[in-house]
Amino acid sequence: MKTLWLLALILAAPLSACKLPDGEEKASPRLNVNSRYTVESVRLLGTDLKISNALRVEVDRIVGGKYDLSAIEDLADRIKSEMHLADIKISVTRGTTPDHVIVNLEARQQQQKFDLNVAKFVYDSKEGWNGDGAATMNFHENAVTFGLVSDNDTLVERYAGIRARFERKSVGTDRVQLRFEFDSFHTQWNTATLSEAPLSEIYRTRQVFTPEATVVILPPLDWSFGVSFDRLGVPFSSTTVGGAAAAKTESSNAVVNTLRYHQRWGSAHDRREQEVNASYIVRAGTGLLDSDRAFTRHLARAFYRFRRGRHTVRADFAAGRLSGAAPLYERFVLGDSEMLRGWSRFDLDPVGGTRLLYGSAGYQYGILQTFYDTGAIWDTPRQKEARQSVGIGFKKECFQLAVAFPLGSGRVDPIFYAGMNF
Amino acid sequence: MSAIKFWWVVVAFLSGFALAMMAEELIVNWRNDRLEFSLSHVHFLSGGKPLEMLHNAAPVPFDFQMTVYSGSRNHVLRQITDQFVVSYALWEEDFKVVKMQSPRREREHLSAQEAEKWCVDQMAMDLPRLAPETPLWARFEIRAEDGKEGPLFGGSIGDSGLSLTSLIEVFSRPARAAQSHWGPYEAGPFTLEDLKRSPRRGS
């Protein structure tokens, strides 16, 4: 455990040094003689759509500042993403006064009204295929999404079903977004889980309705809050009818809070690029929402990535704590395609744990990647045991092909991963 | 009649010599105990995509590689690689070049020709303890990172995953043109003895 905490501290160190990139970035514009000029204006061409206030603030920040191509490319990427544009061309011309330049961001194609999206498509040699895809219709500032999912990777169960979501990207102000999501899943269970979990904990269906609002506190920091109404179809509840377990519908309604920080310095076009992504999620099941389950779940996750040329280093950290009578899908899992790769979650803890600590360090050269994962999952202090794994493979952005080996398991039993995961 | 014939011979010889000079692109010199190179007829800042990017206020890295072979053309005696980041000042209409490898150097307010020459001059190399009669060959290559390796899907992948829009963008894009490159230009065989008498030219 000491090793784990030490690793956590080491991995957290770069996060505390988030100001460092400023110094790094200063070196880069010196390569470009135009960085001595001042940006006179930024023009958005080829589209009559209005950008959000958050992006307007970013544009205003660039105007009057020194010309920084990296910042402008980053802004163009964000506008492209927000407005669902196919491409944005950056062109720079002389300004109206000496030593000033005008930046033109030209939308090359009109807004995409309809889009298909694949969020996950992963093959795991032990657990098989996992997929998560959706179709989205954009109209004005609204988006309606319908999706299909089959996932045997992230929870103790395999869940498969549909998602439907409505999003309003601006409610009064661009800083507030609203989202309603309805999910309906059927679940399948591994025999190891069935043999360890009480029968009353096993559910066959799960419906989730989540109204949620997101407030952009200060880019890149945002806060999401809402409620998750979950209905579980339990075929063998602890309630008995005539001496036999009866089927029952249970509710697990929780207040959900997520604080998220995502900052990026440089872009994929630059020689240097850094990224920090951190989130803290609290879910609290409470009787106030007429929930049959009362629990509190805390999860903190972070990663830091630094790329210089073809070299990339990445550090990940996660810690979680669950208390109360939470349903199985709230329990923490290690040994999936993201955390503690190489281990099977059913070998570590078939019903998941209530405590989680995880760290990972990775190095990538070009598309060749290596990684070292370590973590522990437990319910009682006696069960606490740090596990480790190493892996090697190929990775290009989200696509990866990797093989990971569990260390100290007493056998060489690698797991192969292929596909893409976000 | 005989005078006309004589002048025809002189003109033919001189024009042939001039054409030969024009065709020879890599010139090798020995000066101050260093091997120096010149690419007087190669202009990597005169057009194409790199110049288009430069005129759009974007810096363009150029990778240079100079290789000297000795004895046979399979034996690499010395190889130098360096990167030069070139940018074009929109207001002053001149170039700045930064040599990236140590020792890092930079020059500003250069014309296109001056910038090209400065980059090539930085590739001069020492050849210590080399027998003067050893046959040598030189090979020079330049590549621009104008079609540099960017995001696989042009940066269109968001937190929510890979979208159809990004796929359409990728597949509707024309096949990426090869990286702009110049050369390889070669010279040889020559020896240091030859160079001390006169520079060697290659193509």
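**Close-up views of a predicted two-chain model**

**View 1. Helix 4 of chain A is mostly covered, with ten of its 14 residues buried.** The model is predicted. The buried positions of helix 4 of chain A are Leu69(A), Ser70(A), Ala71(A), Ile72(A), Asp74(A), Leu75(A), Ala76(A), Asp77(A), Ile79(A) and Lys80(A). The cover over these buried residues includes helix 3 (53–62), strand 2, strand 3 and strand 13 (248–265) of chain A. From its first C-alpha to its last, helix 4 of chain A reaches 20 Å, close to the 20 Å expected at 1.5 Å a residue. Just after helix 4 of chain A comes His84(A), with a positive phi of about 55°.

**View 2. Helix 4 of chain A, residues 69–82, lies across strand 2 and strand 3 of chain A.** The angle between helix 4 and strand 2 of chain A is about 140°.

**View 3. An open sheet in chain A is formed by three strands in the order 1-3-2, with mixed pairing.** Strand 1 (38–45) and strand 2 (88–94) of chain A are the edge strands, each pairing on one side only. From one strand to the next, the twist averages 20°.

**View 4. The parallel part of the sheet pairs strand 1 of chain A with strand 3 of chain A, residues 100–107, over seven bridges.** Val42(A) has Val103(A), in strand 3 of chain A, as its bridge partner.

**View 5. Strand 2 and strand 3 of chain A run antiparallel and are joined by seven bridges.** Here Lys89(A) is bridged to Glu106(A) in strand 3 of chain A. The two strands form a hairpin with five residues between them. Asp99(A) in this hairpin takes a positive phi near 60°.

**View 6. Leu218(A) lies in strand 9 of chain A, which covers residues 205–218.** Leu218(A) counts as exposed because 10 other C-beta atoms lie within 10 Å, and the cut-off for an exposed residue is 12 or fewer. Leu218(A) and Arg175(A) are 43 residues apart in sequence, with a C-alpha to C-alpha distance of 8.8 Å.

**View 7. The largest nonpolar core has 57 residues.** Those that touch the most other members are Leu26(B), Val28(B), Phe37(B), Phe62(B), Phe84(B), Val86(B) and Ala138(B). A second, separate core holds 27 residues, including Phe306(A), Ala319(A), Leu322(A) and Met339(A). In soluble globular proteins, nonpolar side chains tend to be buried together.

**View 8. Chain A has six helices and 21 strands, and chain B has five helices and eleven strands.** Of the 422 residues in chain A, 31% are buried. In chain B, with 203 residues, 29% count as buried. For chain A, 55% of the contacts between residues at least 6 apart in sequence join residues at least 24 apart. For chain B, residues 24 or more positions apart account for 61% of the contacts with a separation of 6 or more.

Definitions and conventions
Residues are numbered from 1 along each chain as its sequence is written. Chains are lettered from A and ligands numbered from 1 in the order in which they are written. This is a predicted model: local features need pLDDT of at least 70, side-chain atom pairs count only at pLDDT 80 or more; totals for chains, interfaces and linings use all residues. Two strands pair if DSSP finds at least two bridges between them. Helices (H or I, at least four residues) and strands (E, at least two) are DSSP runs, numbered from the N terminus. Axes are lines fitted to C-alpha atoms, for helices over the stretch in contact, and angles run from 0 to 180 degrees between N-to-C directions. Two residues are in contact if their C-beta atoms, placed from the backbone, lie within 7 Å. The expected span of a helix is 1.5 Å times one less than its number of residues. A residue is buried if 20 or more other C-beta atoms lie within 10 Å of its own, exposed if 12 or fewer, and partly exposed in between; C-beta atoms are placed from the backbone. A nonpolar core is a set of buried Ala, Val, Leu, Ile, Met, Phe, Trp, Tyr and Cys residues joined through C-beta atoms within 7 Å.
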